[in-house]
Amino acid sequence: MGPRDHFATRLGFILAAAGSAVGLGNIWKFPFMAGQNGGGAFLIIYLAFVLTIGFSVMLAEFTIGRAGQRNPVGAFRALKGGAWPAVGGLGVVAGFVILSFYSVVGGWTLAYAIKAATGALASNDPETLGAAFGAFISEPEGVIGFHTLFMVLTGGIIAGGVRGGIERASRILMPVLVVLVIVLAGRAVTLEGAAKGIDFFLTPDFSKVTWGTVNAALGQAFFSLSLGMGAMLTYASYLDKQVNLPKTAAQVTILDTTFAVIAGFMVLPAVFAFGFDPAAGPGLTFITLPAVFAQMPAGQVFAFLFFALLAIAALTSAVSIMEPVVAYLIDERRMPRRWAALLSGVMIWALGVPSALSLGPWKDMTIGGKGFLDAMDYLASNIMLPTGGVLIALFVGWSISARAQEEAQSDGSHPFPLIRVWIFICRFVAPAAVAWVLISGL
Ligand code: PHE
């Protein structure tokens, strides 16, 4: 084997990590989660989790990945061994589960980009838009076809390797998406009747907070920051010593969160302005935004651009979900990259099929009262990622604490003033908070 493939520049790494974090989690999931969980209260709890546990676990993943220079399983083995590699294994499994449904929604964005281009979305009537989404979602050929296309694109980028595929794709398109989301949010908040939505999003009503709200906010924090399954760990394994890890973790955390909040301003005011239901769930973004586009000059152009860029943001995230799986097969199973991409791609695709059908023909097949896609999302985001994240925090806080502090500060070249706070959060705060949330759910 040759030397390990590495990111060319620090900027390349930031963009790749941000490309992983910013995706459907921000633009599709965050607004509907906030809508379902009471708006403002959800936002505040979410922010609290992001700033404490989210940032800390991200730095922990960066640290383990760069110190270990391997896939999640191999990194834990290289640094400590014992039962710890199983944490990496849990992450690889979580990657399978997440990408299976993520690819389905990614497929929706591809389909909507095409619909937008052909003018099929030009309406601002909630009924019409809801019916159009419903019709699209219940027709198996379409949803499975686009799920397949999305998986093929993801696998294709993965097969190209770190520098050729991931870095180049992230570099170019992210900035364009930022601008577009800001423009759309600007339009949404100035709609007539938008004030009610802004109020809903910004004024917390803590009387509505239940255990479910807290769990949802925790899961969303992990999901949106790409934490708890080794995605950030794997990206950091392609890093050299010079990069300032705490600074990079802070930048990625802030960028991702800002993106989610702006997406909230893009969707929720429009929900109220047009009389949609904020608790509509996974379809919310897809039925609300077309109504916003219909209110804009050159709306069709904006609509196409938006869904195309969202598909690309989703792709850069999907690549980061698949990379740990593939890195595992390459490092630990000695598989060539292309074969690893093909094998895992086919398996993930197959697991995605029930999700693809779950809002349409297989609507009645439920697990614990949820449709298949929702159930996979819940299992991964609300259970697997927080569990993985806590184990990662415990590993750094207790098992390799001294080594982790050195690595996080690049052996003294980037001193981190909050290093003790970080270790304290990893040792006590993150485990206690997550355990409390998960256990009170039982
Ligand atoms: N953070 C990504 C998003 O918000 C999803 C993701 C989850 C990526 C877990 C990697 C790992 O869309």
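Colleague: Which residues are closest to the ligand, and how many surround it?

Modeller: A residue counts as near if one of its heavy atoms lies within 4 Å of the molecule. Here 15 residues surround the ligand, and the closest are Ala-21, Gly-25, Tyr-102, Phe-223 and Ser-226. Bear in mind that this is a predicted model, where local features need pLDDT of at least 70, side-chain atom pairs count only at pLDDT 80 or more, and totals for chains, interfaces and linings use all residues. Residues are numbered from 1 along each chain as its sequence is written, and side-chain values use heavy atoms, with hydrogens and water left out.

Colleague: What classes do the shell residues fall into?

Modeller: Ala, Val, Leu, Ile, Met, Phe, Trp, Tyr, Cys and Pro count as nonpolar, Asp, Glu, Lys and Arg as charged, and the others, Gly among them, as polar. The shell around the ligand has seven nonpolar, eight polar and no charged residues.

Colleague: And which atom of Tyr-102 lies 2.4 Å from the ligand?

Modeller: In Tyr-102 a polar side-chain atom lies 2.4 Å from a ligand oxygen. Phe-223 instead puts a backbone N or O atom 2.8 Å from a ligand nitrogen, and a backbone N or O atom of Ser-20 lies 3.3 Å from a nitrogen of the ligand. Taken alone the ligand exposes 320 Å² (Shrake-Rupley method, 1.4 Å probe), and the protein buries 100% of that.

Colleague: Where does the ligand sit?

Modeller: Think of a cavity as a set of points, on a 1 Å grid over the protein atoms alone, where a 1.4 Å probe fits but cannot get out; lining residues have an atom within 4 Å of a point. A molecule sits in one if more than half of its atoms lie within 2 Å of its grid points. This ligand sits in the largest cavity. Helix 1 (10-21), helix 2 (24-36), helix 10 (211-224) and helix 14 (299-333) each give two or more residues to the ligand's shell; helices are DSSP runs of H or I, at least four residues.

Colleague: What volume does the largest cavity have?

Modeller: A volume is the space filled by probe spheres set on the points. For the largest cavity that is about 130 Å³. Of its 16 lining residues, Ser-20, Tyr-102, Phe-223, Ser-226 and Ile-321 are the closest to the centre.

Colleague: Which helix gives the largest share of the second largest cavity's lining?

Modeller: Helix 5 (85-117) does, with three residues. That cavity holds about 50 Å³ of space.

Definitions and conventions
A polar contact is a pair of N or O atoms within 3.5 Å; within protein, one must be able to donate a hydrogen and the other to accept it, and residues adjacent in sequence count only if both atoms are side-chain atoms. On a 1 Å grid over the protein atoms alone, a cavity is a set of points where a 1.4 Å probe fits but cannot get out, and a pocket is an open set with protein on both sides within 12 Å along at least five of seven lines; lining residues have an atom within 4 Å of a point.
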